[in-house]
Amino acid sequence: MADETTTTASAGPLKLGALVPSPGSRPKRQRIGRGHGSGMVKTGGEGGKGQTVRSGGGKGPAFEGGQTPWQRRLPHNRGYSQKARDIGHFRTRLAVVNLHRLSSWDPSIEVTPESLKKHGVLASLRDGVKILGEARPDHDLPTGLRFRHVVFSQSARDALTAAGATIIENI
């Protein structure tokens, strides 16, 4: 004979109201302070008496046995740090050049931020120059370009190395 608390697949569609936990999966809770026979009297499973048995009692996670905690041993930084919100002073802004702009570049001239500005490719240098890999089908890259003090996107780096460019990494 099947137990009344369990449902079988042949009884039809399963309903949420008919769900019951498996037998033994939900043990009965321990009732505290209900006589000596229960074994949970006096301190009721809380250990001893005093600070540790109180609600929220005990020492905090930063307590180091009376030693000065690490957050008080650190030097105190005074004032506000604007790095998180002041993008005008702390963000690195790069001037951007797409690859197709270098299709008419003379390979005898080394590509540096200063030479890009001198030849009118850039209006301002900002905090550095980044070459992006946006190429156009009608603009072919000249072979043998030399780059110094420039940052590249991965697609630009792949296209330039395929075209035989020399990249000097010292930015």
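## Secondary structure and basis of the model

The chain holds four helices and five strands, where helices (H or I, at least four residues) and strands (E, at least two) are DSSP runs numbered from the N terminus. Followed along the sequence, these elements come in the order α-α-β-α-β-β-β-α-β.

The model is a predicted one, in which local features need pLDDT of at least 70 and side-chain atom pairs count only at pLDDT 80 or more, while totals for chains, interfaces and linings use all residues. Residues are numbered from 1 along each chain as its sequence is written, and side-chain values use heavy atoms, with hydrogens and water left out.

## Overall dimensions and surface

The radius of gyration of the chain is 36 Å, whereas a compact globule of 171 residues would have one near 16 Å; the radius is taken over C-alpha atoms, and the globule rule is 2.2 Å times the number of residues to the power 0.38. Along the principal axes, the C-alpha atoms fill a box of roughly 95 × 65 × 25 Å.

Buried residues account for 18% of the 171 residues in the chain, with buried meaning under 20% relative accessible area, exposed over 50%, and partly exposed in between (1.4 Å probe, protein chains only). The chain exposes about 13,400 Å², of which carbon and sulfur atoms supply 51%; these areas come from the Shrake-Rupley method with a 1.4 Å probe, and for residues only the protein chains shown count as cover.

Among contacts between residues at least 6 apart in sequence, 44% join residues at least 24 apart, a contact being heavy atoms within 4.5 Å. As for charge, the chain has 26 positive and 14 negative side chains, and the centres of the two sets lie 18 Å apart. In that count Lys and Arg are positive and Asp and Glu negative, with His and the chain ends not counted, and each charge is placed at NZ of Lys, CZ of Arg, CG of Asp or CD of Glu.

## The largest nonpolar core

The largest nonpolar core has 19 residues, and the members that touch the most others are Val97, Leu102, Leu116, Val129, Ile131 and Phe147. Such a core is a set of buried Ala, Val, Leu, Ile, Met, Phe, Trp, Tyr and Cys residues joined through side-chain atoms within 4.5 Å. Strand S1 (95–98), strand S2 (129–132) and helix H4 (154–162) each supply at least two residues of this core. In soluble globular proteins, nonpolar side chains tend to be buried together.

Ile131 can be followed in more detail: when residues up to four places away in sequence are not counted, Ile131 touches Val97, Leu99, Leu102, Phe147, Val150, Val151, Phe152, Ser153 and Ala156.

## The loop between S2 and S3

His139 lies in the loop between S2 and strand S3 (146–148), and it counts as partly exposed because its relative accessibility is 28%. Although His139 and Leu99 are 40 residues apart in sequence, their C-alpha atoms are 8.8 Å apart in space. Not counting residues up to four places away in sequence, His139 touches His100 and Ser103.

Thr143 also lies in the loop between S2 and S3, and it is exposed, since its relative accessible area is 59%. Leaving aside neighbours within four places in sequence, Thr143 is in contact with Pro107 and Ala163, while the C-alpha atoms of Thr143 and Ala123, 20 residues apart along the chain, are separated by 25 Å.

Arg148 is found in strand S3 and counts as partly exposed at 27% relative accessibility. The C-alpha atoms of Arg148 and Arg136, twelve residues apart along the chain, are separated by 23 Å.

His149 is placed in the loop between S3 and strand S4 (151–152), where its phi is near 60°, a positive value in a residue other than glycine. With a relative accessible area of 35%, His149 is partly exposed.

## The segment before H1

Gly17 is found in the segment before helix H1 (70–73), and its relative accessible area of 78% makes Gly17 exposed. Gly17 and Arg157 are 140 residues apart in sequence, and the distance between them in space is 63 Å, C-alpha to C-alpha.

Lys42 likewise has its place in the segment before H1, and it counts as exposed at 74% relative accessibility. Its phi is positive, about 55°, although Lys42 is not a glycine.
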